[in-house]
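Reader: Before I rely on any of the labels used for this model, I would like to hear how each one was reached. Could you take me through them with the definitions in hand?

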Amino acid sequence: MNSGSVASEIRLLAAEWTIRANGGYLAQACGSAEIFATLYCDVLDLSPSTAPLIPPKFESVPNSFRNEIRGESWLGEGPDLFVLSPAHYGTTQYCALVAIGRLDKKALTSESGDGGLLELIAAEHSPGIVVSSGSLATALGVSVGRAMARKIKNIPGNIWVFLSDGELQEGATWESLQLASSQRLKNINIIVDVNGMQVDGRMAQLMPIEPIVDKFEAFGWNAIEIDGNNLEAIRIACLAAKNSNLPTAIICRTKPWLGFSFLKNRWDNNKLHFIRLTEDERQDLISEIKSL
Amino acid sequence: MNKIIVKPFASALVKHGTVHKNVVVVTNDLTASCEADEFASTFPDRFISAGMAEQGLVLALSGLAREGLIPIFPSFAVFTTRRPYEQIALTIAYPNLPVRLFGFLPGLTTPGGVSHQAIDDIGLMKQLPNMTVIEAADATDMETVIDGVFDMPGPVYMRSLRGMVPRLFKEPFEVGKSREIFAGDRVLVLVTGALTAMAIETVESLRAEFNDLGLICINTLKPFGDQALFAAIAKAKVVITLENHLVESGLASATAMRLAKFPGPTLVTIGIQDTFTHGGSYEYLLKYYAIDANRLKKEIFYAYGKFLASKDDDWDLLAKRIELNANVAEGL
């Protein structure tokens, strides 16, 4: 698999989803396409998916019979584990799974409506989702617990957590970071998508979180800062993280407007969290997709 | 006089950890305070000090359980349940994971005031789908509850007692099973937790006068009730609930839900009545919030159509107390 073509495919599929659903988290997919592509193509050591290409319909939330569908099964059985924390990136994950052949493209249409598993805010029955973490700053802490358990049980493999920069505003994130470093965990790494935008607008204006690198280092983590839309930079940083004796955070500076021109206009107007297309944007997006 | 057992949970936890190698204990700086210190020194590899950071701690419990371990988190009930409530709801109760949450310092048993008194913990846990909710009443409960819930596939919250705990029961704890202490089918007292010793003493003292006065101790608040309990409730004319918790969301509320479906006896609720509470000795607080033996006696008399004259002459004695909770190191 070629990471460049996987990244392009993620953008295209997410744009088509947004047109079809008349809305979606397109900027998140566009900003993080290179991260997902590099992780799946060049970093993660995953065994084949144990789930079907077309997911079954929703059966139940977890219950005492434990017969619910587990989104984790699309990621196989290790040794590595990829944990998506911001659940509104679910679309990105679904599109990435299609791009790498773990999900049928038809599922993006047939399974994204009522009763389907490809929910807008992904849950742990959704393909590729390990933790229901629609409430931000949830999945990192759960992953730290899993990393601690794997250390106790001496289980190989790395846990890679995808975090969004908005989650750095939540206190639970920092509690989990201090727990991981205090336990000297080497089997967990974080990739932070720093796109600088939250629902109300620019993070720098609303609730600044910089200096991110210094903060991670102060919490006992190794921190690497890169251009998060540069495939090679991501690959090298992940390699360095794997070889580090400390838990490592890769701070990815990303451009959430990358790929479609109307997104840049939205970025300039501070409205880039959830995309509800205007008619003009819709026509622009359709013509840009056709010219790809 | 009941025999007092010192730190019944501490030794039970070590025994449990000896038998079950997949048990890990995680604490938030209250290790000795919650009787996990013996486990910590016996099994250092399966003990995690996660600091005063309950949100991150509970998330980690979820992760530990997802990898096949059985995590136990003993803390003060306010810190077990209130502070990391969302994390418990979304990452432990929702995925139905076998996590064991222990909440010490129930209700008014601590002089710590509003921050330390868990008056809503049962309610918070009871309303979560998948969660089993238990309250220990004596040393036998604290010794046997951890083994008693081991096979449960989902999460369990246990409202717990520590330090000097009276032994009231011989039979080990069993999930869902009510403990009938006195049979009696006219006026039935239902009690949970630390108030059970007082309820036994009070009811026993009145049995000569009211020979159809019954007493049942309830350990399992959710799922609520077994057939023996439901049969006893159905026969009674008056049911009096006695709890060290808000009546809106504790034993009284569970009993009221049952009576709403199967109407019958009049319900009298003794407990904390829609108020936050303040700090002081256990005896003072029980008296101040009218959850003490005197109140129980009055309600029993009233249920039998009699009036018991008030005797409130012990306020002066209480006011002279200085040392709060001498039984534990930090006085809480």
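**Helix H9 and the sheet of chain A**

Author: The buried residues of H9(A) pack against helix H1 (3–21), H2, E3, E6 and E7 of chain A, where contact means that C-beta atoms, placed from the backbone, lie within 7 Å, and helices (H or I, at least four residues) and strands (E, at least two) are DSSP runs numbered from the N terminus. This is a predicted model, in which local features need pLDDT of at least 70 and side-chain atom pairs count only at pLDDT 80 or more, while totals for chains, interfaces and linings use all residues. Residues are numbered from 1 along each chain as its sequence is written, and chains are lettered from A and ligands numbered from 1 in the order in which they are written.

Reader: What makes the buried residues of H9(A) line one face of the helix?

Author: The residues concerned are Leu231(A), Ile234(A), Ala237(A), Cys238(A) and Ala241(A). Seen down the axis of H9(A), they fall within an arc of 135° (taken from the directions from the helix axis to the C-beta atoms), so they line one face.

Reader: Why are strand E1 and strand E6 of chain A said to stand at the edges?

Author: In chain A, 5 strands form an open sheet in the order E1-E2-E3-E7-E6, with parallel pairing, and two strands pair if DSSP finds at least two bridges between them. E1 (81–84) and E6 (222–227) each have a single partner strand, so one side of each is left without a neighbour in the sheet. Within the sheet, 6 bridges join E2(A) to E3(A), and Leu163(A) has Val192(A) as its bridge partner in E3(A).

**Burial in chain B**

Reader: Why does Asn96(B) count as buried, and why does Ala290(B) count as partly exposed?

Author: A residue is buried if 20 or more other C-beta atoms lie within 10 Å of its own, exposed if 12 or fewer, and partly exposed in between, with C-beta atoms placed from the backbone. Asn96(B) has 21 such neighbours and is therefore buried, whereas Ala290(B) has 15 and is therefore partly exposed. Phi is near 55° in Asn96(B) and near 55° in Ala290(B).

How values were computed
Contact = placed C-beta atoms within 7 Å.
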